Every structure is written in C-alpha cells, then in structure tokens.
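Biologist: Please take a close look at the charged side chains in this model and how they pair up. After that, go on to the aromatic rings.

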Amino acid sequence: MLRLAVRGGDEERYFELPTEDVTLGSSVEAELCVPFRGVSRRHARVCRHGNGVRIVDNGSKNGLVRDGTRLEEVVLAAGDSISLGDAVLTLEEISTADGELAIVGAARQVPAGDESTAQPPPEPARAERTLVFPPEFVTGESESMRHLCAQIGATVRSHLDVLLLGETGTGKELFARMIHASGPTAKGPFVAINCAAIPAELLEAQLFGVEARVATGVDPRVGLFVKAEGGSIFLDEIGELPQPLQPKLLRVLQEREVLAVGAHAPRRIRLRVISASNRELEREVRHARFRADLYYRLRGLQFHLPPLRHRREDIPALVARFVAQSAAEHDKHLAGVSRKALDLLRAYAWPGNVRELRSEIDRAVLLADDGATLTSEHFGGVRWHLERMGKESGEVAIARGSQPIDALPAASENPYDLAAARDAVERRLIREALAETGGNQSRAAKLLGVTRNGLALKAKRLGIPIGRS
C-alpha cells in the first residue's frame, strides 16, 4: 500500500494517493494541506501515475527540488522523495495493516445490560478553525505568516500547552493572546508575566502565591497560576527562569497543581500554559542551563515566529497600522507615507523586529507636522544605518545589481568569502544592537543572544569600539 508523507520540522502529515488531480499547498483550501515553511499556498498538482504519482509545479516560489535540481515536473516511485521548501515529500510503501483504521473515533461507554439499546455515538462536528486576532494584530501577506497562522489554526482547539520561539520584538505576546482567544480557554482570563523582569526571590511568590501567616510582615498573595484558573497564563522569557524554580514549574505542568509558599497542600488548577523565549532553548538544554524535561513539557505545541526581515512583504501593512495608531495617539492627521520612505523601511533589516518598527513610526509621527506626509527625512536613523551598511559592504551590491538584503559581505577579493560575509553580518548586527540600546552592552548582548563577555570579544575581533557601560 502506498501513501504520501510530508515532513517539515517536528511535524508530519500523511495522505492516501489521490484518485484524481488535486492541489498540494499550505492553504487550507488545498486538498492536500501541508502548512510548512517554504510551501506555497497552491504549490503543486498531484495525480496518480501508474504505480506512483506525478507532481507538477504550480508556479511556486521554491519549486520541486530533487538532488539539488529544481524541476517543473517529477514522477515518484515508492521510496522516492522531493523537497518543497523546508518540507520533504516521500512516496512511502507501508503494509496494508498500517493503512487501515483499527479504532474509529472514541467508543461510548454502555452501562451493563444495555447492549441491546446501544446506539452508535453521533459524529462530532469538526472544530471550527477560526483564529481570533487581537485588534492590533497585523497578519500581512507573507508566506511565512500564512504558514504560521495555518499551523496555529490547525491546532487551535487543542488543550496542549504552547511554546513560542522567536527573536526579541517579533510579537510573541500578541500571538499568545491570539492563541488564548482562539482556543478552548478563551472564556477564562489571560494572565501574563515576564520571567526576566522580576527578581528570582520574588518570582516564586508571584507565580505560586504566598500562604497567610507564612512569616511576620508578609501578606498573603494569590499566585498568577491561580488567577489564570480556567484561562491561560503567558510566561514570557521562559528561558530566563531561574534554575531553582524550574523543577517547581515542571511539577505544575505535570500535575496541574500549585503549592503556594508556606502552604501545606497543593491546589488543583485548570489552565493552558503559553510560554515564549527569544533564546534557543535546545541550546540552553545542551549547555545544562535549562532542564530538558521542562523544555519537552512546555513544547506541547511549538511555533517559531519569523523575524521581520523574513517577512518584508508585511511591512506596508504594519506601517499603515502603526501610522494610524500613532497619529490618533498624538491627535494628528497625516496625509500618508511616501514611496521613498516605504522603500527605505523595507530595505532595513530591523534587528529589533516589529517593536523597533513601531518605535520608528512613533518617532516619525511625533516629529511630523499636522497634515504632512511622512518622507524619508523623517526616518533619519534608518537611513543612517543603511548608509553605514552600504559603506561596510563596499561596492559589492552595486557590482551585482542586487536589491537590499539582510547583509552583504564586506569588500573582498573573493566575493564568496564566507568568513568576510560572516564578519560583515556580525559587525552590522552588533552596531545596530548597540545603537538600539543606547550603547548599553548588557542589553545589546541580550538582544544578540550572547554574553556580555562574548560581545566584548566579538567587538574587539571586528574592530568595533564599544567603550564601557
């Protein structure tokens, strides 16, 4: 028996061989829906071909890739594979028993002696997969955002805990609010806490609560887990959770009960845990800075939020929303944004992501006259960053006739010099992080995901003066 298997990241989907010509893509409207990164909405057409399948590219962005070669059409026999963006499609041969259902749905328990009157349970209605977006949420038109929303939509009714990973400023709390509002705990409260913003000695009391009379002068406090009962708790910057608290959080996730400081008995809780981190938690686990069992508990469902530089198509919609919001806040009416200004904003890499873009818009609106058009002159900081990056890149971009991208290699006799390209990227990002944080090395190191000492060593190697802060 043959089936189609599509694997991307930690997910995989299986399909029976189609009996007619069908569409494969990331859109929920596709007959074979595979919402993985790099798969276009209507990526390809699939049909039977003898003992295999024929797959025809449908004008997709990443095409059909086999052995490193992009093809317009390919015929797969059993065991053959092709790449669709970051996903791999394989025509698998399985035993007949593996393709047949042994249990269909869930059986209704029938009281003893009632077998004669037992009726099959009604087929449950399929859960509506509609996402409820916060008012300030901008979905955009980029492939990466469509893929992400399709993945979340496919799991929105689940009770599984959620882990959101992504760079600083990508909007993880907005996604957490969307998941809460779209899921089974939507009618309950949404409680958020930043695990990095509270001293370790106070965080335990904030999360788990404090029992009355635990110590002289200490007032009782209801913990955030209890406050989130029936709803969702959002643990932002979970990678910063102090190690002594990690086994306590693990027990909450495993047992769904919380023990307040000074309490004699735990309290049962019912809620969904949504956590987020800008750190690579797998790397933290490898370096023994984060418990492996806690990581696997947190990632019941795991989603990666794309940085803004990977979804530049969304910048016009984000700019339009932010300009309207900022103008309303400052009681101004603006004519709009010039094309040159928008091109400037789309060319920048935005190391601070959506949060940095919002700050730039707020600054520009504040400086603009009432009734004015936002021009490139209102975004002097962005223009200065791009000009500096251009100087560091030499004439490489001009010689190649390329469009602005995340980073270009520094001028080199060998345009394919990976070391030079890497140094150019690191040099630019370090300078941008320092500029974003006003020269604060500790905050810049946190943005870059390195230690302060690591930042100092990189800056010294790259010839970047950072002074003392």
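Modeller: Salt bridges join Glu 240, Arg 279, Glu 284 and Arg 289 into a network. The model is a predicted one, and it holds 28 salt bridges. One of them runs between Arg 256 and Asp 161, with the closest N and O atoms 2.7 Å apart. Arg 256 sits in the loop between α6 (246-255) and β17 (257-258), while Asp 161 sits in the loop between α2 (143-154) and β12 (162-165), so this pair ties together parts that are 95 residues apart in sequence. Arg 256 and Asp 161 are both buried.

Arg 291 and Asp 293 also meet in a salt bridge, at 2.8 Å from N to O. Arg 291 counts as partly exposed because its relative accessibility is 33%, which falls between the limits of 20% and 50%. Asp 293, at 31% relative accessibility, is likewise partly exposed.

A further salt bridge joins the side chains of Glu 329 and Arg 358, with 3.2 Å from N to O. This pair links distant parts of the chain: Glu 329 belongs to helix α9 (residues 315-329) and Arg 358 to helix α11 (residues 353-367), 29 residues apart. Glu 329 has a relative accessible area of 54%, so this residue is exposed.

One charge also lies over a ring: Arg 3 is placed over the face of Tyr 14, 3.8 Å from the ring centre.

Turning to the rings themselves, the structure holds six aromatic pairs. Among them is the edge-to-face pair of Phe 137 and Phe 175, with 5.0 Å centre to centre and 75° between the planes. Phe 137 is in the loop between α1 (96-99) and α2, and Phe 175 is in helix α3, 38 residues apart, so the pair links distant parts of the chain. Phe 137 counts as buried at 7% relative accessibility, and Phe 175 counts as buried at 3%. For Phe 190 and Phe 234, the ring centres are 6.2 Å apart and the planes lie at 20°, so this pair is stacked. Phe 190 is in strand β13 (residues 190-194) and Phe 234 in strand β16 (residues 232-236), and their pairing links parts of the chain 44 residues apart. Phe 190 and Phe 234 are buried. Phe 137 and Phe 175 also belong to one aromatic cluster with Phe 133.

Helix α3 (residues 172-182) also contains Ser 182, which is buried at 4% relative accessibility. Apart from neighbours within four places in sequence, Ser 182 is in contact with Thr 130, Leu 131, Val 132, Val 156 and Arg 157.

Methods
Residues numbered from 1 in each chain as written. Predicted model: local features only at pLDDT ≥ 70, side-chain atom pairs only at ≥ 80, totals over all residues. Heavy atoms only, no water. Salt bridge = Lys/Arg side-chain N within 4 Å of Asp/Glu carboxyl O. Helix = DSSP H or I, 4+ residues; strand = E, 2+ residues; numbered from the N terminus. Buried < 20%, exposed > 50% of the residue type's maximum accessible area, 1.4 Å probe, protein only. Contact = heavy atoms within 4.5 Å. Phe/Tyr/Trp six-rings, centres within 6.5 Å; stacked < 30°, edge-to-face > 60°. Lys NZ or Arg CZ within 6 Å of the ring centre and 35° of its normal.
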